[in-house]
Amino acid sequence: MSILVLAEHHDGHLAEGTAHVVAAARQIAEHSGADIDVLVAGEGVAAIAEAAAGLEGVARVRVADHAVYGHQLAEPLGDLLVALADDYSHVLAAGSTTGKNALPRLAALKGTQQISEIIAVVSADTFKRPVYAGNAIATVQSADALKVITVRPTAFDAVAEGGSASVEAVDTVVDNDLSSFIDEKLAQSDRPELGSAKVVVSGGRGMGNGENFKLLDGVADKLGAAIGASRAAVDAGFVPNDMQVGQTGKIVAPDLYIAVGISGAIQHMAGMKDSKIIVAINKDEEAPIFQVADYGLVGDLFELVPELEKKL
Amino acid sequence: MKVLVAVKRVIDYNVKIRVKPDNSDVDLTNVKMAMNPFCEIAVEEAVRLKEAGTASEVVAVSIGPKAAQEQLRTALALGADRALHVQTDERVESLGAARALAKVVEEEQPELMILGKQAIDSDNNQTGQMLAALTGRPQGTFASAIKVEGDSLEVIREVDGGLQTVSLKLPAIVTTDLRLNEPRYAKLPDIMKAKKKPLETRTPEEMGVEVASQLKLVSVEPPAERQGGVTVGSVDELVDKLKNEAKVIS
């Protein structure tokens with residue numbers, strides 16, 4: 001039995017998360033000896049399939065290219081996965097909004113309890129995953145014949161490129177008269193994507209207002225960083241929700257995370273505490289963020305951030 | 001239209017959790033419990049639909065131990081009309097919850113069912129999607145706005161990188177994201193009134209659904225503690241440490 005990885009893609013490009021999910025699949029394959037297939041579902045996705053075929057460790061790329069999969073809506077994607085699942089022991093996807101949307105549908109229709117956001121593979125049926133906002137790590141074992149799993153991409157190092165998998169078309173076309181796509185408003189940014197950036201600069205309630213977030217631009221420009229925010233800053237209306245780092249937002253693990261004016265609520269730390277180096281800038285020296293920061297700088301962010309920009 | 005809303009009893013989000021010394025699970029003895037925050041948003045949205053005249057009845061459902069009735073009473077105080085408790089002491093995971101809710105949906109035939117996108121204990125983010133699949137209904141997950149348009153529902157969804165708008169044929173399932181609304185607090189007179197609202201209790205056995213978990217919880221451990229570092233005295237010192245000690249910038 002093989003392992004199936006659902007490819008993550010946006011705007012005609014294979015998303016980086018896919019290479020991390022394939023890495024998790026390879027760890028499972030070490031225990032089970034299985035081959036790894038990647039499924040690319042969408043409309044006009046030939047180039048994406050070629051990119052997926054280049055990922056190391058992939059045996060075969062299966063391509064479902066049809067208008068019904070056009071915006072990767074959960075209903076047709078779930079039905080497609082159900083139609084293909086009998087060939088597989090494991091179906092994996094990134095713990096992205098696409099993976100989270102579609103995979104539970106497959107699990108439910110196959111009578112399988114899905115395992116969400118794994119961070120480690122113990123064996124082919126046993127996995128570690130964070131619970132309670134990452135304040136506990138559960139080891140769970142599945143007796144289900146089909147394992148349906150989402151993967152936290154930051155927990156697995158991406159596989160390299162240089163593979164040469166075969167590419168085959170899947171001619172399964174499902175019906176969808178339940179849901180339809182209307183439009184999409186995606187933030188336009190020249191910055192790296194928050195989930196995969198090497199450096200992240202985040203602002204919290206201490207930024208005071210949305211306008212002040214521009215202060216972070218200079219530092220982010222110099223470091224090639226993505227800009228994030230705490231839930232408090234999002235709740236206060238400073239910035240949009242897609243910038244949120246935390247239990248209920250994005251989980252990041254960059255080489256360098258700079259938290260500016262962020263006190264360090266449990267749910268924020270859940271989203272960033274696996275970063276390699278954490279820097280905290282906050283005027284309150286008692287703020288919990290300093291307990292996880294490698295380097296803490298106590299003081300007024302409105303003086304310190306411009307100074308940091310100058311000295312980088 | 002009739003709106004069903006699911007609520008889950010979870011550890012209060014302010015409580016710092018402890019793992020049991022034998023690593024069998026998280027220790028929930030004498031810990032403050034509350035309604036899952038995303039479920040509060042679901043209840044609020046359902047109540048607002050009723051206040052706007054869109055919903056005719058709001059029914060709150062919870063699956064769990066007897067004490068989950070406290071959270072159902074909270075939902076009633078917030079404006080739900082009646083409550084249904086599926087009582088079980090089993091460790092229920094998403095699939096079991098979705099199966100029980102699918103049975104309730106089959107019996108109640110709501111036009112709309114609203115759930116939280118995830119519970120802050122298991123952090124699974126599955127139940128709404130599973131319920132949608134089991135009932136053959138479309139899903140609008142991670143909703144930040146919903147609007148009834150005749151026999152369909154327009155949902156603005158929080159997706160990676162921005163917002164997506166979809167149209168769902170009713171009846172449909174919605175899961176809430178943070179910005180859908182700001183939940184109200186229950187007022188004392190409403191809390192008193194809620195005690196008199198109908199609350200029906202049933203068991204999974206009499207409903208003919210299997211809710212017990214299919215996953216074996218092998219162990220639960222605290223995460224690796226991150227060691228706090230040093231306080232630096234100046235921006236110069238910070239930049240020096242990042243360059244020469246941590247070597248994360250050049």
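This is a predicted model: local features need pLDDT of at least 70, side-chain atom pairs count only at pLDDT 80 or more; totals for chains, interfaces and linings use all residues.
**Stop 1: chain A.** Select D37(A), which sits in strand β4, residues 36-42. This aspartate is buried, with a relative accessible area of 3%.

**Stop 2: a charged patch on chain B.** Pick D89(B), E90(B), E205(B) and E210(B) together, and you have a negative surface patch. Zoom in on E205(B), part of helix α6, residues 204-207. E205(B) counts as exposed because its relative accessible area of 63% is over 50%.

**Stop 3: a nonpolar patch.** Next, select L188(B), I191(B) and M192(B), which make a nonpolar surface patch of about 290 Å². I191(B) belongs to helix α5, residues 188-194, and is partly exposed at 35% relative accessible area.

Stop 4: Most residues other than glycine have a negative phi, and most peptide bonds are trans.

- Go to L170(B) and P171(B): a cis peptide bond joins them, with omega about 5°. P171(B) is in the loop between β9 (162-169) and β10 (172-176).
- Jump to N30(B), where phi is positive, near 55°. N30(B) lies in the loop between β2 (9-11) and β3 (33-35), and is exposed at 86% relative accessibility.
- Finish at Q109(B), with a positive phi near 50°. Look for Q109(B) in the loop between α3 (94-108) and β6 (112-116).

Terms used: Residues are numbered from 1 along each chain as its sequence is written. Chains are lettered from A and ligands numbered from 1 in the order in which they are written. Side-chain values use heavy atoms; hydrogens and water are left out. Patches are made of residues with over 30% relative accessible area and no salt bridge: like charges are joined within 9 Å, nonpolar side chains (Val, Leu, Ile, Met, Phe, Trp, Tyr) within 5 Å. Accessible areas come from the Shrake-Rupley method with a 1.4 Å probe; for residues, only the protein chains shown count as cover. A salt bridge is a side-chain nitrogen of Lys or Arg within 4 Å of a carboxyl oxygen of Asp or Glu. Lys and Arg count as positive and Asp and Glu as negative; His and the chain ends are not counted. The place of a charge is taken as NZ of Lys, CZ of Arg, CG of Asp or CD of Glu. Helices (H or I, at least four residues) and strands (E, at least two) are DSSP runs, numbered from the N terminus. Buried means under 20% relative accessible area, exposed over 50%, partly exposed in between (1.4 Å probe, protein chains only).
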